[in-house]
Amino acid sequence: MKIGIIGAGLIGGSLLLNLAEKNHSLYLVTRNPNTRKQAEMYTTATSDSLDILKECEVIFICTPMHKIIDTLDKLENIVPDSAIVTDVASLKSFVMEKKRPFKFIGSHPMAGTENSGFSSAFKELFQDAKWVLTPSENIKSKDLNILKELIEETGAKTILLDAQTHDKAAALISHMPMLLSQALMKCAMNNNSALQIAASGFRDMTRLSMSNTEMAKDMIDMNSTNIKHALEVLQVSISELLKDDYTNQIKEIQAFRKNMYDEQGKNKL
Ligand code: NAP
């Protein structure tokens, strides 16, 4: 297949490295001349212009979230209506708002690290990860299946959700935890004794405070309503935990958590 990738950062770069091992022609749009040089060996063409994507059958937009609408608008004048276009943004409602002439299917790989840029990309990133798809209503199952099969070539498992459900869930399991991790680090930063004795538990709880700054800001700005709601739910959970029967409640939580991940740490649900 002729596949276009826009933006060779952690996600776009990892996708490029992964798909380069399969039987596809890859077209990379990158603004970075160094990335262009490094990526030449994996691609049929690289450029800083979207024009090289004219003949692509599937296109992945892997830029920061706040650049995606602009890129989708520009693609309207470049790619044919037959092209399947997807994005990888951590939020899905905002990309689904406008009807597009091409076949647009929102998507979100549930994989990442705190690093960014092409130098942090690695081909195994998507292995066994969930990859959410949010197709618009007019998408035919034939086209959805083309994208599903391509994504599953990376080792990911696709899952269909509507965009609003995705954004609420992402607030609960990703965006609120990142904010809590940052807040926890901020609380401890001025307490030298606490910092001196902090060990692996604190390290694990504050890992998400190292998230990509630009992405973190986009999440907080663009999903604020769902994050506020998730914080309210969290407050209720804390109150319930501390009210009564703490021991039985945490036993139930531990049993649930134990069944959720396998021995390699992969989500079994
Ligand atoms: P990243 O490593 O910073 O990569 C983003 C890439 O987009 C940059 O390397 C750059 O590529 C391009 N870019 C940056 N600024 C741009 C601009 N102003 N205009 C056009 N292109 C620009 O970030 P990432 O982690 O790959 O995130 C990319 C997308 O994936 C985001 O929408 C994010 O929400 C989503 N996502 C991230 C994660 C995660 O954990 N990191 C997980 C799932 C989804 P070039 O230098 O090649 O132009």
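**A friendly note on the ligand site and a helix pair**

1. Let's start at the ligand: a backbone N or O atom of L10 lies 2.8 Å from one of the ligand's oxygen atoms. Keep in mind as you look around that this is a predicted model.

2. A polar backbone atom of I11 is 2.9 Å from an oxygen atom of the ligand, and for M65 the distance from a polar backbone atom to a ligand oxygen is 3.5 Å. How much of the ligand does the protein bury? Taken alone, the ligand exposes 880 Å², and the protein buries 86% of that.

3. Now step back to the whole shell. The ligand is surrounded by 25 residues, and the closest are L10, T30, T63, S90 and G117. Sorted by class, the shell has 11 nonpolar, 12 polar and two charged residues. Helix α1 (10-19) and strand β6 (103-109) each supply at least two residues of this shell.

4. Next, have a look at a pair of helices. The axes of α6 (residues 163-188) and α10 (residues 224-243) come within 8 Å and cross at roughly 75°. Angles of 65 to 115 degrees count as roughly perpendicular, and α6 and α10 are therefore roughly perpendicular to each other.

5. Which residues make the contact between α6 and α10? On the α6 side they are D167, K168, A171, L172, H175, M176, L179 and L180. Helix α10 brings N226, I227, A230, L231 and L234. By class, this contact of α6 with α10 has nine nonpolar, two polar and two charged residues.

Definitions and conventions
Residues are numbered from 1 along each chain as its sequence is written. This is a predicted model: local features need pLDDT of at least 70, side-chain atom pairs count only at pLDDT 80 or more; totals for chains, interfaces and linings use all residues. Side-chain values use heavy atoms; hydrogens and water are left out. Axes are lines fitted to C-alpha atoms, for helices over the stretch in contact, and angles run from 0 to 180 degrees between N-to-C directions. Helices (H or I, at least four residues) and strands (E, at least two) are DSSP runs, numbered from the N terminus. Angles under 35 degrees count as roughly parallel, over 145 as roughly antiparallel, 65 to 115 as roughly perpendicular and the rest as oblique. Contact means heavy atoms within 4.5 Å. Ala, Val, Leu, Ile, Met, Phe, Trp, Tyr, Cys and Pro count as nonpolar, Asp, Glu, Lys and Arg as charged, and the others, Gly among them, as polar. A residue is near a molecule or strand if one of its heavy atoms lies within 4 Å of it. A polar contact is a pair of N or O atoms within 3.5 Å; within protein, one must be able to donate a hydrogen and the other to accept it, and residues adjacent in sequence count only if both atoms are side-chain atoms. Accessible areas come from the Shrake-Rupley method with a 1.4 Å probe; for residues, only the protein chains shown count as cover.
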